[in-house]
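Subject: Structure handover

Hello,

Here is the structure I said I would pass on. Please have it open while you read the notes below it.

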Amino acid sequence: GGDDDAAKKMADAMLASLKTTTSKQSAQQLAKAIGPLIESLTGKKATTLSELLDGGRRDCLVDATATVLDAAHTIAATGRAVLATTSNGDEDDDGSSETLDGILPPKDIMSRCVGKRLPIDEPSVESVMTASPDTIEASATLLEALQQMHDERYLHLPVVDADGGKM
């Protein structure tokens, strides 16, 4: 399929590059090391985002009504973009009831608040966030996520469950 083709092209390009920059013995050793990596990205052995994230990260969630300053503190503490949520009242098996409303990466705080000289302790996250961002399901593979991020030029891509809104 498409993932296998992309992974093969990636592996071939890596090996071609290695052959031009390393000795034959080194290239063979690196090829042995790269093989399992490529296998983990494709086919039946492909690592899914749910396996990689191991239950997800909830430390980057903020209420959509929080201030941008609150979001900035969360970004500083986690090193991640914040995901703006609202509670929908329906708890999942893991006790979560949030649905994704938007995303607010550091770049957007700079361009939408700081660059416009807005005080960040007043506006709400929902007033400056990117609403209804593109997402990827937790069942997707790491390669699929990387491909979507590359194609769409995203630095951040929220991972959601199969219902498309729960994180």
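The notes go from the overall layout to the sheet, the cores and a few single residues.

First, the conventions. This is a predicted model, in which local features need pLDDT of at least 70 and side-chain atom pairs count only at pLDDT 80 or more, while totals for chains, interfaces and linings use all residues. Residues are numbered from 1 along each chain as its sequence is written, and side-chain values use heavy atoms, with hydrogens and water left out.

Overall layout

The chain has seven helices and six strands. Both are DSSP runs numbered from the N terminus: helices are H or I with at least four residues, and strands are E with at least two. In sequence order the pattern is α-α-α-β-α-β-β-α-α-β-β-α-β.

Of the 167 residues, 31% are buried. Buried stands for under 20% relative accessible area, exposed for over 50%, and partly exposed for what lies in between, with a 1.4 Å probe and protein chains only. The accessible surface of the chain is about 10200 Å², and carbon and sulfur atoms hold 52% of that. These areas come from the Shrake-Rupley method with a 1.4 Å probe; for residues, only the protein chains shown count as cover.

Among contacts in the chain with a separation of 6 or more, 57% are between residues 24 or more positions apart. A contact here means heavy atoms within 4.5 Å.

The sheet

Four strands make up an open sheet with mixed pairing, in the order β1-β2-β3-β4. The edges are β1 and β4, each with a single partner strand, so one side of each has no neighbour in the sheet. Two strands are taken to pair if DSSP finds at least two bridges between them.

Going across the sheet, β1 (residues 61-63) is parallel to β2 (residues 82-87), with three bridges between them. Leu61 is opposite Leu83 of β2. Together with helix α4 (residues 68-78), β1 and β2 make a right-handed β-α-β unit. Right-handed means that, with the strands pointing away from the viewer, the path from the first strand over the helix to the second runs clockwise.

Val82 has Leu104 in β3 as its bridge partner. The pair β3 and β4 is also antiparallel, joined by two bridges. There, Ile103 stands opposite Thr130 in β4.

The cores

Which residues have the most contacts inside the largest nonpolar core? They are Val82, Leu104 and Val125, in a core of 14 residues. α4, β2, α5 (106-114) and α6 (125-128) are the elements that give two or more residues to this core. The largest share, three residues, is from α4. A nonpolar core is a set of buried Ala, Val, Leu, Ile, Met, Phe, Trp, Tyr and Cys residues joined through side-chain atoms within 4.5 Å.

Leaving aside residues up to four places away in sequence, Val82 touches Cys60, Val62, Ala71, Thr74, Ile75, Gly102, Ile103 and Leu104. There is also a second, separate core of seven residues, and among them are Leu61, Leu83, Leu100 and Val160.

Single residues

The structure holds one salt bridge, where a salt bridge is a side-chain nitrogen of Lys or Arg within 4 Å of a carboxyl oxygen of Asp or Glu. The partners are Arg112 and Asp108, with the closest N and O atoms 3.6 Å apart. They are four residues apart in helix α5, so about one helical turn separates them. Arg112 is partly exposed at 28% relative accessibility, whereas Asp108 is buried at 8%.

Two residues other than glycine have a positive phi. Arg117, in the loop between α5 and α6, has phi near 60 degrees and is exposed, with a relative accessible area of 78%. Ser132, in the loop between β4 (130-131) and β5 (136-137), has phi of about 45 degrees and is exposed at 64%.

Last, Asp5 is in helix α1 (residues 2-21) and is partly exposed, with a relative accessible area of 46%. Asp5 and Thr42 are 37 residues apart in sequence, and their C-alpha atoms are 9.2 Å apart in space.

Regards
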